[in-house]
Amino acid sequence: MKGVVLFGHGSRDPLWRLPMEQVATRVRTQHPGVPVRCAFLELEQPDLGTAAADLVLAGAREIVIVPMFLGAGRHAREDLPELVRQLQALRPDIRFTLQKPVGEDGRVLDLLAKIALE
């Protein structure tokens, strides 16, 4: 079974995480058999390891990590890949796949351009 982690930076402002939680809700609604969790680099919980462990307990043997960043800054280029390497070393029986940041997907860019022009 595949699980999904929506990964964000984190913030002290609790309203910051609402869009990520809404994406998670949409994933659950559209694909009820795919467990999804949100995880954060800092300032909020759960962290990536905790979210991944929860998905494994739910039966996931493949975990797709989706960086919810518009751009590929240092966290997306360096910090997150290192966290994934550490997870993979701890759990070689689980397949971890790190996607590109959502802001690098042409579909997201097209939608943002459409919104800007409305």
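Helix α2 (residues 48-57) packs against helix α3 (residues 74-90) at an angle of about 45 degrees, and their axes lie 10 Å apart. That makes α2 oblique to α3. This is a predicted model, in which local features need pLDDT of at least 70, side-chain atom pairs count only at pLDDT 80 or more, and totals for chains, interfaces and linings use all residues. Residues are numbered from 1 along each chain as its sequence is written, and side-chain values use heavy atoms, with hydrogens and water left out.

**How the terms are used**

- Helices (H or I, at least four residues) and strands (E, at least two) are DSSP runs, numbered from the N terminus.
- Axes are lines fitted to C-alpha atoms, for helices over the stretch in contact, and angles run from 0 to 180 degrees between N-to-C directions.
- Angles under 35 degrees count as roughly parallel, over 145 as roughly antiparallel, 65 to 115 as roughly perpendicular and the rest as oblique.

**Where α2 meets α3**

- From α2, Leu 48, Gly 49 and Ala 52 meet Leu 80, Leu 83, Val 84 and Leu 87 of α3, where contact means heavy atoms within 4.5 Å.

- Four strands in the order β2-β1-β3-β4 form an open sheet with parallel pairing; two strands pair if DSSP finds at least two bridges between them.
- At the edges are β2 (36-40) and β4, each pairing on one side only.
- On average, neighbouring strands of this sheet are turned by 25 degrees against each other, direction ignored.
- β3 (residues 62-67) and β4 (residues 95-98) pair in the parallel sense over four bridges.
- The β-α-β crossover from β3 through α3 to β4 is right-handed (with the strands pointing away from the viewer, the path from the first strand over the helix to the second runs clockwise).
- Val 64 stands opposite Thr 97 in β4, while Ile 65 has Leu 98 as its bridge partner there.

**Helices on the sheet**

- α1 (residues 18-30) lies across β1 (2-8) and β2, running at about 160 degrees to β2.
- α2 touches β1, β2, β3 and β4, and its direction makes about 165 degrees with that of β2.

**The loop between β2 and α2**

- Most residues other than glycine have a negative phi, and most peptide bonds are trans.
- Leu 43, in this loop, has a positive phi of about 70 degrees although it is not a glycine.
- Pro 46 lies in the loop too, and the peptide bond from Gln 45 to Pro 46 is cis, with omega near 5 degrees.
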